There are 2 protein chains.
Amino acid sequence: MPIIVQKYGGTSVGSVERIQAVADRVVAAREAGNDLVVVVSAMGRTTDELKAMAAEIAPVPDARELDMLLTAGERIAMSLLGIAINARGCKAASYTGSQAGIMTDTQHGQARIVEIRPKRILEALTGGNVVVLAGFQGLSLGQYEITTLGRGASDLTAVAMAAAIEADVCEIYTDVAGVYTTDPRLAPDARKMAAVSYDEMLELAAAGANVLQPRSVEYARRHGVRLHVRSSFDDEPGTWVQEVDDMEGVMISGVALDADEAKVTLERVPDRPGVAASVFKAIAEEAISIDMIVQNVSHEGATDLSFTAPREDIPRLQSVMDRVVKEVGADRYSVDDDIAKVSLVGAGMKTHPGVAADMFDCLAAQGVNIEMISTSPIRISCVVGKDDGERAIRAIHERFQLDEAGAAPDIVTG
Amino acid sequence: MPIIVQKYGGTSVGSVERIQAVADRVVAAREAGNDLVVVVSAMGRTTDELKAMAAEIAPVPDARELDMLLTAGERIAMSLLGIAINARGCKAASYTGSQAGIMTDTQHGQARIVEIRPKRILEALTGGNVVVLAGFQGLSLGQYEITTLGRGASDLTAVAMAAAIEADVCEIYTDVAGVYTTDPRLAPDARKMAAVSYDEMLELAAAGANVLQPRSVEYARRHGVRLHVRSSFDDEPGTWVQEVDDMEGVMISGVALDADEAKVTLERVPDRPGVAASVFKAIAEEAISIDMIVQNVSHEGATDLSFTAPREDIPRLQSVMDRVVKEVGADRYSVDDDIAKVSLVGAGMKTHPGVAADMFDCLAAQGVNIEMISTSPIRISCVVGKDDGERAIRAIHERFQLDEAGAAPDIVTG
């Protein structure tokens, strides 16, 4: 029997009515002859509400206890869905990350999956159950403490379980219809793509397209898990994320805006070997993900080092930076959270020179100043002023004619 | 170091402010040089709210999934308390029933504790932690499924853990100041007892004194766990529940009202051996606790069999009774939920004849009709009309002079 892993985000299970709708969809897929593992996030804003209660008690809640608290959110969502599926005469059983053998390291709040031990899940499937599985959580190897995998990590739970049980497909249900050439709220002519490669999706996700968590795309690519991103509100096909063979003629797949980052600049850092390493090692030890890193050329033996990081991590980052400034002998550091990051992604840009120049020209024509630039083989990102972000997206989307179907691979699969 | 188990009910942890107050109390007890295990219920009405959501999805929610859902309530309360204690610079770690080795049978919603494996809790104490423990829940032996122990069972969790780790005392914190001669809301001259024996407490609890769950009193008696019932809102000593040696001169300890039961009567049951057994076996299989059982003398080979049961179990009970009526060949059954149970409890009544007569006389003087009577060596219970219940309590409290301290043992211990 084919195995399908389905993942439903917080909005998709945000109310009792939504949970009933998801149960209908699950039962239909089961009756169509599939084995099903259904991964759920916490209902609606539950996680934020629990975090707020914790913050009311302590400004920096104990990390172990906070994980214990937050995992209650998925527990509520998954058992309610379990009840709803059973009520439809379809056997279902829900499992926590711990019960499902999602083994992680010990980094509370940002744990990494180190192993999946799916014995109990496979037994439940063999026993004729629809498995409902809590996203976002696991159990630390060795210590057996409850951990969480970081914001948006229910996608990762779904992909990792799909890989472990060799599911045929991992369906990511969300409140949008798929992956678009840009955010449809910013550009009304944004177009849903039929398919996108892992590499492009990874760049789009890292660039702020919130539809998929970057770590989950990386995991899917490494383990060859085919993803299908689609809406939980209708039955339309969404966007497949998979190895896309024929990229000929396709230059650009999408443009993304990330307005949730801040720019940190370490000023007048002594320009000697090992300085950057010690800066970013200190930050990594706090499990803060940083994004663009730009180092300018050196003047008089000192340079400026800038990077972007999630705005929500800035308070934690500041205590690291206070230490780092002294350790490396920099003058000072500054934080600018009035920025936006605009990224253009496309596998074809590897073989089409001039894309970057086109993009910079487009921004210049809009009078948008570029503060930082960083590139990968298939992505160009520019940091601009926050107020310029949305205008930049619309202009680039138009310049690269992303509303036209030919711009992206239009294969329908599955 | 002495070990104290403290248990806080839902009202005591009903808000962030209350959790902060409990944390203050816990830290003070820790700083006074005790090892501490703190058992918590779900905050306020959380359990009822979760049950209501489940009921909205399915009239009879799947029992396994419902247990998974309800256990989220204690998880939230315990981790918030863990955060609050840690924030005061006092090491604390919270544990679910499953993590704490509270092994139960497989009866979801009403599981019985079959074994405590406190290894992890003892290690946490040895490691210098205050242990915060989820009440009301466990893990089924053999199946390793999450179970709940039934309403009010956080008391049982506390007592069972206290027995397993040989705690010096189990303190039950609640929103009343201790155990009273009757409900102070019904009789303003009700008096807080300094101590009461396990036997009397058991009868009072079974008779409707909601301050302690009956199963937990039974467990405490069997394992010799000393209980101290006291208020979480002040520092006054409460009521000790323990072996009380000198009962000389003490006749009556309290009178209790239970308005949460209904009376079920099986009419014209054939009077032959085995009938009662098959009736109550069928009910027990549904894990419904019944209370008073009265069988009248037989006329023409048939008799009436009456018993009381919690009103909330009546819907489940009715489906059993529909079957039982046919199986035993009774005429029909009827349910009367317009009743109240009035109970008089006192270890001294064993050696003081005439107590029952006094009680019946007192009720007669009030014009209260008695519908059923049942007695134990230290208790007399009468079922009366619902409207007569409170008046009956006040009259009996006055008749037996329960407001006078001499009526109950006045030893202060601990």
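**Entry 1: strands of chain B**

I began in chain B of this predicted model, where I looked up B:Ile293 and found that its bridge partner in strand 16 is B:Phe307. I then traced the pairing of strand 15, residues 293–295, with strand 16, and noted three bridges in the antiparallel sense. Strand 15 and strand 16 of chain B form a hairpin, with six residues between the two strands. In that turn I noted B:Glu300, which has a positive phi of about 55°.

I next asked which other pairing of strand 16 of chain B was on record in my notes. Strand 14 of chain B, residues 261–270, pairs with strand 16, residues 302–310, over eight bridges, and this pairing is also antiparallel.

**Entry 2: helix 1 of chain B**

I turned to helix 1 of chain B, which has 16 residues, 16–31. From first C-alpha to last I read a reach of 22 Å, close to the 22 Å expected at 1.5 Å a residue. After this helix comes B:Gly33, with a positive phi near 95°.

Which residues of helix 1 of chain B are buried? I listed B:Arg18, B:Ile19, B:Val22, B:Ala23, B:Val26 and B:Arg30. They cover an arc of only 140° around the axis, and therefore lie on the same side of helix 1 of chain B. On the face turned away from this buried side I found the exposed residues B:Glu17 and B:Glu31.

I then looked for what covers the buried residues of the helix. The cover includes strand 1, strand 2, helix 3 and strand 6 of chain B, together with helix 2 of chain A.

**Entry 3: where the chains meet**

**Entry 4: relation of the copies**

I superposed chain A on chain B by a turn of 180° and a shift of 0.1 Å along the axis, with an RMSD of 0.1 Å. The two copies are thus related as by a two-fold rotation axis. Of the residues of chain A, A:Ala72 comes closest to this axis, at 2.6 Å for its C-alpha. I noted finally that 100% of the interface residues of chain A are interface residues in chain B too, so the copies meet through the same surface.

Methods: Residues are numbered from 1 along each chain as its sequence is written. Chains are lettered from A and ligands numbered from 1 in the order in which they are written. This is a predicted model: local features need pLDDT of at least 70, side-chain atom pairs count only at pLDDT 80 or more; totals for chains, interfaces and linings use all residues. Two strands pair if DSSP finds at least two bridges between them. Helices (H or I, at least four residues) and strands (E, at least two) are DSSP runs, numbered from the N terminus. Copies are superposed by least squares on the C-alpha atoms of residues with pLDDT of at least 70 in both. Two residues are in contact if their C-beta atoms, placed from the backbone, lie within 7 Å. The expected span of a helix is 1.5 Å times one less than its number of residues. A residue is buried if 20 or more other C-beta atoms lie within 10 Å of its own, exposed if 12 or fewer, and partly exposed in between; C-beta atoms are placed from the backbone. The arc is that of the directions from the helix axis to the C-beta atoms.
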